[in-house]
Structures are given as structure tokens and as C-alpha cells.
2 protein chains.
Amino acid sequence: MSPRRVPVSRRDRPAKALLSREGLVATALRIMHDEGLERVTMRRLASELDTGPASLYVYVRNTAELHGALLDELLLGLELPAEAVAAGRPKGSVERWREGLVELLCGYTALLLGHPSLARSVLTLRPSGPNYLRLIEALLGLLRAGGVPERQAAWGVDLLLQHATATAAEQGTRDESVDADGEIHTQAMAIREATGDEYPNIGLVRDELFSGTGEQRLRWMFAALIEGVATTATPA
Amino acid sequence: MSPRRVPVSRRDRPAKALLSREGLVATALRIMHDEGLERVTMRRLASELDTGPASLYVYVRNTAELHGALLDELLLGLELPAEAVAAGRPKGSVERWREGLVELLCGYTALLLGHPSLARSVLTLRPSGPNYLRLIEALLGLLRAGGVPERQAAWGVDLLLQHATATAAEQGTRDESVDADGEIHTQAMAIREATGDEYPNIGLVRDELFSGTGEQRLRWMFAALIEGVATTATPA
DNA sequence: ACCTGAACACCGTTCAAGT
DNA sequence: ACCTGAACACCGTTCAAGT
């Protein structure tokens, strides 16, 4: 029907920015910041880049890989504490490494808390980007600075990162998605209604189950994790 | 066109089992066991129950709530260790409570490892079913039996359950979904290729990052968690 | 080679309308 | 009241075909 020869796009669009992995990730990052990760779909991304969804599969294997790239981009903004840079060589006040660890882990958690659905994705991702490796490197450095044995340090990094990611993923749904916020109330109510008859221990510590701020609990959890990692011997 | 008066269904179908929340959950449970949670969709459930998807919303608020019900049904099959039942009163050999905790947590993890995508869902769920409360009750009982202070015990339950759930969720994708198994290899390769130049600490403990069996690492992680919870003081 | 239109095979949730 | 057909507004991924 309508003539298809008019090359309007040539003048209308800003040069159509040739597709590339970098362009893809940059656009995805922008959408994530503006509208949240759930809006970053292959179809949305494609239409944003003036193409069909199939074209994206030239640059990323699948959605999971795209999410991995987004995480690494985000990690660029995570500054490593000074203690982690001069790794392996303990200096300054004793136990400084613990503070450095908590700081770094809180930073990583805060980063993910800004994008909780990314955290959910990362939890099943085994990230492999250079900036994630830097993070592992820094955590290992701090643990070694604290004199934590090699195997405990190696396994500990897993434990610490998993906890940070899971915490962000868990908090996630609460403020972002519409539906899930009913569930906290439902659980809180269930716990408050749990009779000391059927659930004596819940009855005894009921208030403590809800005590503390998120920040307090998070810092305590990291401290407990670090303590456990530092003092629990691995098998064999 | 075709006459709609023939009540064939009356003879063909097994009485069409009136809709109910229990029936819904039972059907969902069956599909989950046979084909995995990703097949348990509202539409699939509806067609299985000979109705439209809209009808299900009379019995569950949304998918998240349905998943919560599935978890609680699953937890029916989790047996609590004897130590947890006679809670609060330490008896038998000292430190028996630690074994009980590890056992219970491993049991819970194993349960979820059988349905990793349910674990992913549970992580953002704050479950509130009676059987989940029983689990909280048992964990609290064991921690109290170990003389762990109230606040540490309360906050610790959160930490322990989150770790168990996150572990199952993480393992999850690996064997279940098709795509994600590439990522472990990708990460492993990235770590193996990380030069000791750029990543000295990774270079030093490289082998330990991959050492141990899943079972060994899980038990060590729970032991470390428990140790940290038991010995780390909460603020204020 | 690099790219993509069109299709395949699905989703959760809502709401006006029926019984 | 209780229930539901039909629609709304989407998904990820593949593959044959084009340039």
C-alpha cells in the first residue's frame, strides 16, 4: 500500500547506532535504572534498538548472560576498601580486616539492594565478569590478611557472597513488586498469632524475631558469618 | 452449531471434583513432582481442573501464595530431630544441639534441592504456613538448648533459613534449567584463567575454590553459621 | 557472515458478564 | 455469591530466509 522507498529513517534517527554487545548492555543498563530490571526484556531492548528480538542473540547467549553483564557493569561502581588493595599484608590496628570485610560486603549488598530483581537473577548465575573477580580477590585478600586458613577463606568467600546476594534478593520483592508485600504481613501475623502453647519457643523470643533495624541485622549477620568462617575448621 | 445439551462430562469425567483450595494445591503438588514447578502455571492448573485460569483466583491470591502453600505441603515430610522436640532442656551429651541443627538444616535443604525453582520462589516469600512455623520453632528450640542468647537465636534463625533456601535456589538452575549450566563452567574457566598477576589471592587459593564435595561444603557452612550465631554478640 | 520477520509456544491477572 | 470467557498486555527463543 504505502510506498516503502522513502528513507525517512536516514534523517530522523541518530544514525541508528550499529548494534554491538556494548550498546546492548548500555541500553539495558539505562532501562534498568529508569524502570527496573523487569522492564529489561529482549523484546523491549530490541524495540529500543530498532530491531527484532532475534537480532540480540547475536551478542548475548540468553537473558541470564545479559544479566551477568549488567552485574559486572554495576560492580564497576563498587569501591574496594584500602585494606583489600594492600592485600595479604596485615598492617594498622589488629582486626582492621574485619571492618574492611563488613564494609565491602555492605557495599556490595547496597548495590544489589538498588536492583533486587537483578540480585534474584545473580543468585543462580555464577558470575564471571572481571569486576566480580576483583570482588572475590578483595574478599580473599581481607580474609588472608586476617590469617584465615586458605580453605576456610576460599569456602568463606562463597558463603559471604551468597549471603549478600540472597539478602538483596529477599528484600527485593518487598518494595519493588506489587504483590509480595502482603506476605511479610502475613508471616508477621502468623508469628504473632502463634500461641505459646503450640510454639513455646516462638512465644518466648517473639519480640526478638522482629527486633533491630535492617542495617543492624545485616551488619550482625556479616559479623557472625565472618566469625564462623574464621574459627570453624574445614574437614580433612 | 453443535448441541450443547449433551451432558457427556457427567459420565466421562470422574465427577469433576468441585474446585477447592485443597484440590488446587494437591493438583499443583502432583504437577510439580511429575514435571517441575515451572510447569505449575495458573493456565496449566486451570486446564487440568477443567476450568479457566480466572477461576483459580477465587482460592489463591496469586502465584506467590500458591508457592507458599506448596512449600508448607512439602514441609509436612520434614521430620524434626528428637532434640528439637524436647526443646529448651539440654540433655544427653554436650553440644548435641549442634548436630541436631545441622541435621535439621540439611534435611530442609535436601527437601528444597528436590525442587530448586520452589526454593527460588520461597526466597522472596516470607512463608507463613503452620509447618514453616514448626520449623522455626524447632530451630529456636535447638539454639536455646545450646544456650544461645535470645536475640542471637532469633536473628540466627533468619540467617540459617536464608542460607538453606539460597543454597537450594542456587544449586537449582544447574540441573533443572537447560541454559544456566553453561555459567558454572564460564565462572570456573574465568577463575582458572585469572592470572596470579592481576588476582594474586585467587592465584594462591585457586584449588581450594573448587575443593570439597557439595555435602562437605554445605555441612561446613552450617557449622560456621552456627558457630558465628552462637558467639557473636548482637548490638545494644 | 551477519542479521531478522515471523512464528512457536507460552505467561499472570483482571473484569465485565453470566448463573 | 460464586464463577468464568475473553481479553489485556505481555514473555524467551528458534529458524528459515534474506542481504
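## Contacts to DNA and between chains

A polar side-chain atom of Y59(B) lies 3.1 Å from a phosphate oxygen of DNA strand D. This pair meets the criterion for a polar contact, namely N or O atoms within 3.5 Å; within protein, one must be able to donate a hydrogen and the other to accept it, and residues adjacent in sequence count only if both atoms are side-chain atoms. The model is predicted: local features need pLDDT of at least 70, side-chain atom pairs count only at pLDDT 80 or more, and totals for chains, interfaces and linings use all residues. Residues are numbered from 1 along each chain as its sequence is written, chains are lettered from A and ligands numbered from 1 in the order in which they are written, and side-chain values use heavy atoms, with hydrogens and water left out.

| Residue | Distance to a phosphate oxygen of DNA strand D |
|---|---|
| T41(A) | 3.0 Å |
| Y57(A) | 2.7 Å |
| Y59(B) | 3.1 Å |

In total, 16 residues surround DNA strand D, and the closest are T41(A), R43(A), Y57(A), A54(B) and S55(B). Of the atoms of DNA strand D that come within 4 Å of the protein, sugar and phosphate make up 50%. A residue is counted here if one of its heavy atoms lies within 4 Å of the strand.

T27(A) is located in helix α2 (residues 21-35) of chain A; helices are DSSP runs (H or I, at least four residues), numbered from the N terminus. T27(A) is buried, with a relative accessible area of 10%, where buried means under 20% (1.4 Å probe, protein chains only). A polar atom of its side chain lies 2.8 Å from the backbone oxygen of G23(A). Beyond its neighbours within four places in sequence, T27(A) is in contact (heavy atoms within 4.5 Å) with L45(A), E48(A) and L49(A).

Between the chains, 70 residues of chain A are in contact with 70 residues of chain B. The buried area, defined as the accessible area (1.4 Å probe) that two parts lose on being put together, summed over both, is about 6,400 Å², and carbon and sulfur atoms give 61% of it. R126(A), W155(A) and W220(A) supply 14% of the area that chain A buries against chain B, more than any other three residues. R126(A) also forms a salt bridge with E170(B), with the closest N and O atoms 2.9 Å apart; the term denotes a side-chain nitrogen of Lys or Arg within 4 Å of a carboxyl oxygen of Asp or Glu. Six salt bridges are found across this interface.

Key: Helices (H or I, at least four residues) and strands (E, at least two) are DSSP runs, numbered from the N terminus. Buried means under 20% relative accessible area, exposed over 50%, partly exposed in between (1.4 Å probe, protein chains only).
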